[in-house]
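Visitor: Hi! Could you walk me through this one?
Guide: Happy to, here it comes.

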Amino acid sequence: MLLSLSKYVWLINELGVFNLKNRLLIMTVKKQKPKSSSTPKFNWRDERLPKILGVILILTAIYLAISFVSYLYTWKMDQDKVLKFSWGMLLQADLSVQNWLGRLGAIISNAFFYWGFGLPSMMVVVLLIRFGLDLIRRKSLIPFAIFARNSFVIMAFFSLLFEFIFRKSDFTWGGAFGESTCFWLTNFIGQIGLFFLLLFTMMAYFMWRFNPNLDNLTFSNPLAGISMPSFDFFKGMEASDFQPKKTKSTVENITDDIEELFLQTLRPSGSYQERAIPPTQANAKAGSNHHELEFELPAAAATGKNPELELDFDEEIDSVLIGKDDLNLSGYNGLATVPVSPESQIEAIKLQDDMEPYDPTLDLSKYKMPHTELLLEYDDQKVEVDRSELEANKDQIIATLLNYKIEITKIRATIGPTVTLYEIVPAPGVKISKIKNLEDDIALSLSALGIRIIAPIPGKGTIGIEVPNKNKQIVSLKEVLMSEKFTQSKMALPIALGKTISNEVFVADLAKMPHLLVAGATGQGKSVGINTILMSLLYKKHPSQVKLVLIDPKKVELFPYGNLDQHFLAFLPDQDEPIITETSKVINTLNSLCIEMDDRYDLLKKARVRNLKEYNEKFTDRKLSPNEGHKFLPYIVLVIDEFADLIMTAGKEVELPIARLAQLARAIGIHLIIATQRPSVNIITGTIKANFPARLAFKVTSKIDSRTILDGGGADQLIGAGDMLLSIGSAAVRLQCAFVDTPEVEEVIKFIADQPGFPEPFYLPEYKNDDIDSGNSDLKMSDLDENFDEAARLIVSSQHGSTSQIQRKMQLGYNRAGRIMDQMEQLGIVGPAQGSKPREVLFYSLDELNNFLTNLKNR
């Protein structure tokens, strides 16, 4: 706290300590430049010195660690040689010890273990490493001092504890300190008393450090009533220990010198007193050391004025840039009080507002991630590829190519779980297209199904020939989830799909895809692939971080996940079952997700961020207030198991919201996974394909379906049973999908469902379909033309909304055909007229039309 300069003037005037000349000299103090010296001096403040010392301390710690570990194995053989230490032992050539670091290591380790704290002396290694790192990083040494103090207390306690427990052992568990302390305490309070003393010390430390909540403690079940708060290692340290030191300005340094000079002048006379003001909550948090200094002056000093001196002093105040508003004088009994500076008050308020980052997982703090022991291993079904098989395939490929006069210079095999990749380098002058056209011939010569030629392999300059293995390997989900690539992944939504043809685990980030289209014929592993994706999310994410919206038109594939309604599932408030199966509820759910998407974009706009990751980071840093409507937003993953059935029954009502979500929902954390077994063009339309850059193709039945899903061939050449191609952009990766059986899925779901969940599920925004039956409420079945059903089926089956077509096909007059077309427009079967162009047909299939007509008749 800076003292007001006006008080110094009054003190000078009354006490006569300095004359006016001295006062002016003090106020115009200038920093004198040090005289140049011809002899260079060593700079002890060089920042390189702490770094060098830190490295030396870390190396010393490593040396001690090796000698300590060696002592645990060699102490019996070396103790009699180093027990009586003398400096001559270091130079004694015939002294042989077994310690890994020789005589010096044996002497040092014996000093710490035998004459020191015993086994707890290992803590010295930690102290040296911590001290060295703090010096290298140029951190404040106050936290280290506190850590060192606590470490020595811990060493002393455990030295006593180990000696009490293992006092009959030959090994010096507690060292000389533990032995002597244990001996003295045993004689003083006895062994039973020492036992209770140690027990009391441990319980007291436990209570002090963890502060458990014992409000719900019962004698029938004592452990159930104990709740533990989060552990804070640095609890009890002052916040100011970690705050950067503020560099004082020149004016502050001058004022501090003046203040100290006056205090030294006043101390002998005892004419001042200093008392500490109890700090406020904000100052306490900041570790404030502010005090209020009160000078008790004679009445004349408090009330008397010297006009000339006061005038000069005001000028001096302006010269040193000290504001007059900070002057606070008290006229009672000549008492002058110095206020706290506004900068300190503002800093204290900021520190008071600082809080720990928001952690969304604390809502379910006791939630445990499922462990891999719930999954099965398939090690007994792993088959190694025989080397003779590789050699035979290699020779057969070379022979087949030579039959067509194609020479190669090099061939190499990469073994995968399902297929083996043979990379060949053709001779100069050989056209790649010539090898590509031999795909069927190579398959015939190898007697193998599903030969696939990659010409060329991107980034390698070779041609790849994928040949299926005779004995295929099962890739278990447990093996994939236990891999380091998955466990150490920092992805937002990691999904472990399986293994590549080079037998490496493949993990992708769904948040970067950002939507996934899955297609494959029946029985080729599509449902297993969906389960693999969902299980990856359950094993990696907390229920507060991701929510699942599951749509299962088949009603039998995703029903086990219904037990996760209090943890991971999201659905409408009026929905009876968490898994959506009915078409009408699917439409409402998709439109509800569109509402959620719009609401999230409004929040992102208010927070001035561009995506969900930035928004959540800002919210967890407490830069967004919940009072303004902000909240933590989890990722939402929409999974549709059979999309073709929805398109057949609902058509545009499903396609339009899905297309809108696929176009806009990526930035706000809503991601789509759509699976279908019929990847035809009327199911996977151009609008959907354009917004699903990531496609996962299992085996399909025709090249047309492969081109529909992948925009190229290859999916028709897969061998099934989880063999798949993942296309992200222009590159396609062949994978073997990880296998997880239904009992494994049910075990994992049961493990999660048995844990306490949220008080209520994650409800999506309510959606009221006000457009149902709009525009056709006045049109009844009796008002329709008798040929209406036949004409509607004709238009939908041909997907050509033309009045002239009804005239020609049904031999009706133009007026009647036009009236039927108007009725179809009124019912929403076709769109409005577009001049000479045909009308847009809004129903995709006859099944969808038949369901609509049936509902119309029953109305």
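Guide: A definition to start: two strands pair if DSSP finds at least two bridges between them. Strands (E, at least two residues) and helices (H or I, at least four) are DSSP runs, numbered from the N terminus. This is a predicted model, where local features need pLDDT of at least 70, side-chain atom pairs count only at pLDDT 80 or more, and totals for chains, interfaces and linings use all residues. Residues are numbered from 1 along each chain as its sequence is written, and side-chain values use heavy atoms, with hydrogens and water left out.

Visitor: How many bridges join β15 to β16?
Guide: Four, between residues 694-697 of β15 and 723-728 of β16, and the two strands run antiparallel. Arginine 695 sits opposite serine 727 of β16.

Visitor: And what packs on the sheet there, touching β15 and β16?
Guide: Helix α24, residues 703-710, which also touches β10. Touching is contact, meaning heavy atoms within 4.5 Å. The direction of α24 makes about 150 degrees with that of β15; axes are lines fitted to C-alpha atoms, for helices over the stretch in contact, and angles run from 0 to 180 degrees between N-to-C directions.

Visitor: In what order do the nine strands form the sheet?
Guide: The order is β9-β8-β17-β16-β15-β10-β14-β13-β11, in an open sheet with mixed pairing. The edge strands, β9 (505-509) and β11 (546-551), each pair on one side only.

Visitor: Switching topic: how many helices and strands are in the protein?
Guide: The protein has 29 helices and 18 strands.

Visitor: What share of the residues is buried?
Guide: Of 859 residues, 44% count as buried, meaning under 20% relative accessible area with a 1.4 Å probe, protein chains only.

Technical notes:
Buried means under 20% relative accessible area, exposed over 50%, partly exposed in between (1.4 Å probe, protein chains only).
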